[in-house]
Amino acid sequence: MKQPPAEHPLAHLNLGQATQYPEHYDAGLLQAVPRQLNRTPIGISADAALPFHGQDYWTGYEISWLLPNGLPQVAIGYFIVPCTSPNLVESKSFKLYLNSFNASPWQSRAEVEARMHRDLSDCAGAPVQVKLVPLEDAQHAVGTWQAESIDSATVAITSYDYQPELLQHGGDQRVTEQLSTNLLKSNCLITNQPDWGSLYIHYQGRVIDRSALLRYIVSFRNHNEFHEQCVERIFMDLTQRLDIEKLTVYARYTRRGGLDINPFRSNFETAPTLTRLSRQ
């Protein structure tokens, strides 16, 4: 399994290492990744205002704790991390942290929720919204993007290495379009495990060549980067290489270890109503 060199800024993370699962609650399991590590290489200066707003929407499906009498409780967790936070929360550490509640007694769901809010906010460096919902109250309707799919475009693919230069316009007309694809796949920055996602792009500006856009998205297939970083890279590639006035990039990834990550970035709108896609 791929390991970062000792001097790598992320070498301290648990990802890719043999890990003992916690037996008791431990906030120290959470590990932060500075967002600026990725933003500087894609043209976002630490001293400048972000070119987008947004959130990272997490869903946790394997959350449990004990009541004082020892009876286990379960819930689905919804977590919202603002993109303005100095750090993103590393996913394996998040999973280990959630597991640390499994054998620990708590007075109530509200107490667990409050503790998670405190710990995750400390890790991210900004307030993180936390909501724990009993399974009988969770509504997870499966939906689809309200967008035109580009997956039927006829394209010849010869490379699966990241190529932003593939992006191009499809003409001079200015349009407003909502496009989607289920063919986003990248790899974990540390472990090289595959990350599968569906992507939504809403833009206003000079029309994008859809075949070129699909080839560009497919070029992430061998690319190693965290979910949040991939979405911000796509946002910056589109705004830097194409004549676009307004842009939203929203990815919904399949779950791993009971967690899915859904980063949303936009310079003009709020996130569409959350809905679980068919692979989630």
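**A tour of rings, strands and a pocket**

Select Tyr57, Trp145, Tyr200, Tyr250 and Phe264: together they form one aromatic cluster. Rings of Phe, Tyr and Trp (its six-membered ring) pair if their centres lie within 6.5 Å, and planes under 30 degrees apart count as stacked, over 60 as edge-to-face and the rest as tilted.

Before moving on, note that this is a predicted model, in which local features need pLDDT of at least 70 and side-chain atom pairs count only at pLDDT 80 or more, while totals for chains, interfaces and linings use all residues. Residues are numbered from 1 along each chain as its sequence is written, and side-chain values use heavy atoms, with hydrogens and water left out.

**Aromatic pairs**

The structure holds 15 aromatic pairs. Select tyrosine 97 and phenylalanine 101, an edge-to-face pair at 5.2 Å centre to centre with 90° between the planes. Tyrosine 97 has a relative accessible area of 0% and is buried; phenylalanine 101, also at 0%, counts as buried. Buried means under 20% relative accessible area, exposed over 50%, partly exposed in between (1.4 Å probe, protein chains only).

Next, go to tyrosine 250 and phenylalanine 264, which pair edge-to-face at 5.4 Å centre to centre, with 90° between the planes. Tyrosine 250 is in strand β10 (residues 244-253) and phenylalanine 264 in strand β11 (residues 259-266), 14 residues apart. Both residues of this pair, tyrosine 250 and phenylalanine 264, are buried. Strands (E, at least two residues) are DSSP runs, numbered from the N terminus.

**Strands**

Colour strand β8 (residues 169-187) and strand β9 (residues 194-208), which pair in the antiparallel sense over 13 bridges. Two strands pair if DSSP finds at least two bridges between them. Valine 175 stands opposite glycine 205 in β9. In the hairpin of β8 and β9, with 6 residues between the strands, find asparagine 192, which takes a positive phi near 70°.

Which residues lie nearest the centre of the second largest pocket? Select Tyr78, His140, Arg252, Leu274 and Thr275, from a lining of 16 residues. On a 1 Å grid over the protein atoms alone, a pocket is an open set of points where a 1.4 Å probe fits, with protein on both sides within 12 Å along at least five of seven lines; lining residues have an atom within 4 Å of a point. β2 gives the most to this lining, with 4 residues.
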